[in-house]
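Welcome! Have a look at the model below, and then let us walk through it together.

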Amino acid sequence: GTSIERNGVRNTTLNGNAQFSYRLYNGKRMYIVKKRLELQEAQSDIGLRQEINLTTFDVINRYININRLIKQRNAILETISFFEERTKLSLSRFEIGTAGKNDYLQSQVDLNVQRSNELTLINNILLAKTDLNRVLARDPFISFDVEDVDIPAALPSREEIKAAIDSINPDVAYIRYNQQILEQSALEIKAQQKPSLFGNASTTFNRNDNTAGFNLFTQTYGPQVGLSFSLPIFTGPIVRQQLRANALQYKNEGLQIDNVKQSLFSQAAQAYQNFANAKRQIELEIHNLEIIRENNSISMERFRKASITTVELRQAQLNLVESQNRMINAQYTLKQSEVQIRYIMGGLVN
């Protein structure tokens, strides 16, 4: 029955609160996510190696193409010397009256054609070097020399090629990482159905001052600890749908691996066949070139003695040009096939 009446009562309140919550268990989702991120990081490294492998393949192809053009120019210079000699002989025969002027004119035309071909090759060499500088991210006007390219004697066996495609090829390895990432994503999805346990802690401070009233002064403080538990109830349909989508993606990645491997096997088989065919061509052209050079020398001597016509000598000289080009192109195909096999195997860059 106590009644307190007072005007101008002053009340002072001071509150402080600090809370802390830590997830003690959530179905190991944190470790699953960490593993997935590690796989994504490793996949990025594979992607980088894939780009470096492709760039190296482009650089080597351009380099051996320059080497091919230089060899073709050297071959043209050799044939030009034969055409020049033929032109001199035709002019001499025309001046002494043993042959018509048309033989001399035809020899001059053939010589100019070869000189024009040399100019074309010089221009192609400069363009090819500019293109290589572009790929290397250099000044396009930088001049450089090209060393002779070694001719491979043999290729890795078909079993080695298949094993390399299956194990170290960056295209296949990149897709396999997609599968591993999907496996981790499936574990993340399943972890959504598992309960979570939290550890909670807090500390409080409350102070209340009154100039009048039943309690003139109250103060509470102290720590509190506890556990909280949460369990997902209505996530089952969503999780099952996400797992079905994940399984379809995983199956699709597997089909993509088979498709890429089949494409690589096909490219390797074509390169293998081109290599074998180029090797046979080189063996044939080595023997053929010896015959053509000997025939060219004999034809030139017979032309000096006026025992063959200009048409016959011209055909012998053109045979030499064609044989040299076949030899050079076969050597280029041989080296290009080897480089392609190394690229398919993923062994251009370690």
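## The main core

The largest nonpolar core holds 24 residues, and those with the most contacts inside it are Ile161, Ile165, Val172, Leu264, Ile341 and Ile344. A nonpolar core here is a set of buried Ala, Val, Leu, Ile, Met, Phe, Trp, Tyr and Cys residues joined through side-chain atoms within 4.5 Å. Two or more residues of this core come from each of α3 (158-167), α4 (170-191), α5 (236-304) and α6 (310-345). Nine residues, the largest share, belong to α5. Helices (H or I, at least four residues) and strands (E, at least two) are DSSP runs, numbered from the N terminus.

Leucine 264 is in contact (heavy atoms within 4.5 Å) with Ile165, Asn169, Val172 and Ile344, leaving aside neighbours within four places in sequence. There is also a second, separate core of 14 residues, and it includes Ile76, Phe83, Ala128 and Val321.

## About the model

This is a predicted model, in which local features need pLDDT of at least 70 and side-chain atom pairs count only at pLDDT 80 or more, while totals for chains, interfaces and linings use all residues. Residues are numbered from 1 along each chain as its sequence is written, and side-chain values use heavy atoms, with hydrogens and water left out.

## Where two helices cross

The axes of α3 and α6 come within 8 Å and cross at roughly 40 degrees. Such axes are lines fitted to C-alpha atoms, for helices over the stretch in contact, with angles from 0 to 180 degrees between N-to-C directions. From α3, the contact uses Glu160, Ile161, Ala164 and Ile165, and from α6 it uses Ile341, Ile344 and Met345.

Is threonine 79 buried or exposed? Threonine 79 is buried, with a relative accessible area of 1%; buried means under 20%, exposed over 50% and partly exposed in between (1.4 Å probe, protein chains only). Threonine 79 lies in helix α1 (residues 29-95) and touches Gln114, Leu320, Val321 and Gln324, not counting residues up to four places away in sequence.

Glutamine 249, in helix α5, is partly exposed at a relative accessible area of 43%. Its C-alpha atom is separated by 8.4 Å from that of glutamine 179, 70 residues apart along the chain.

## The strands

Strand β1 (residues 11-25) pairs with strand β2 (residues 196-210) in the antiparallel sense over 14 bridges; pairing requires at least two DSSP bridges between two strands. Tyrosine 25 has leucine 197 of β2 as its bridge partner.

β2 is also joined to strand β3 (residues 217-230) by 14 bridges, again running antiparallel. Here aspartate 209 stands opposite phenylalanine 217 in β3.
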